[in-house]
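Subject: Structure handover and findings

Dear colleague,

Please find the structure below, followed by a summary of what was found in it. I would be grateful if you could read the two side by side.

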Amino acid sequence: MNDEIDLEIFGAFVEEGNEMMDDVEPQLVELEQSQDDAGNVDLEVVNSIFRLFHSMKGSAGFLELDNIVKLTHKAENLLDIFRKEEAQLEGPDVSLLLKSIDLLRKVMDDLAETGRDDAYADEVDLQVAELQVS
């Protein structure tokens, strides 16, 4: 593939990814606000958010965008803990996921311009480490 075609493909991926993130952000806020007193959350919403990260990870993997794969995979792993009800979602978890989305947006914007997803590799590594600690 030539660079022009790559940028076109990456542009479509970025557009779709931004739409997904636009869907995820309010769902994360809703998830945190809809917790009951026992800390239970709506598993449908958790599953929906998980699927969005999973879809983005799959597309990024196909396009060999390793930094995006790494970040979405770790966010997906964190969400999986809540899906399996192994832990309860807390405010810091939501903040961490929202921070991950903010970083993904930066990476995606750079991808659309440069055709690369490694400009923020150090930030991605730091964010991945934070996601693993949660």
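A salt bridge is taken here as a side-chain nitrogen of Lys or Arg within 4 Å of a carboxyl oxygen of Asp or Glu. By that criterion, the side chains of Asp80 and Lys84 meet in a salt bridge, at 3.1 Å from N to O.

The model is predicted, so local features need pLDDT of at least 70 and side-chain atom pairs count only at pLDDT 80 or more, whereas totals for chains, interfaces and linings use all residues. Residues are numbered from 1 along each chain as its sequence is written, and side-chain values use heavy atoms, with hydrogens and water left out.

Overall architecture

The protein chain has five helices and zero strands, where helices (H or I, at least four residues) and strands (E, at least two) are DSSP runs numbered from the N terminus. The radius of gyration, taken over C-alpha atoms, is 15 Å for the protein chain, close to the 14 Å that the globule rule gives for 134 residues, so the chain is as compact as a globular protein of that length. The globule rule is 2.2 Å times the number of residues to the power 0.38. Along the principal axes, the C-alpha atoms fill a box of roughly 55 × 25 × 20 Å.

Of the 134 residues, 41% count as buried; buried means under 20% relative accessible area, exposed over 50%, and partly exposed in between (1.4 Å probe, protein chains only). With a contact defined as heavy atoms within 4.5 Å, residues 24 or more positions apart account for 71% of the contacts with a separation of 6 or more.

Salt bridges

A search of the whole structure finds nine salt bridges.

Arg105 forms a salt bridge with Glu25, the closest N and O atoms being 3.0 Å apart. This pair links distant parts of the chain, with Arg105 in helix H4 (residues 91–114) and Glu25 in helix H1 (residues 3–33), 80 residues apart. Glu25 is partly exposed, at 23%.

Lys99 pairs with Glu130 in a salt bridge whose closest N and O atoms are 2.8 Å apart. Here too distant parts of the chain are linked: Lys99 lies in helix H4 and Glu130 in helix H5 (residues 121–133), 31 residues apart. Lys99 is partly exposed at 41% relative accessibility, and Glu130 is partly exposed at 34%. Salt bridges that share partners also join Asp22, Glu25 and Arg105 into one network.

Yours sincerely
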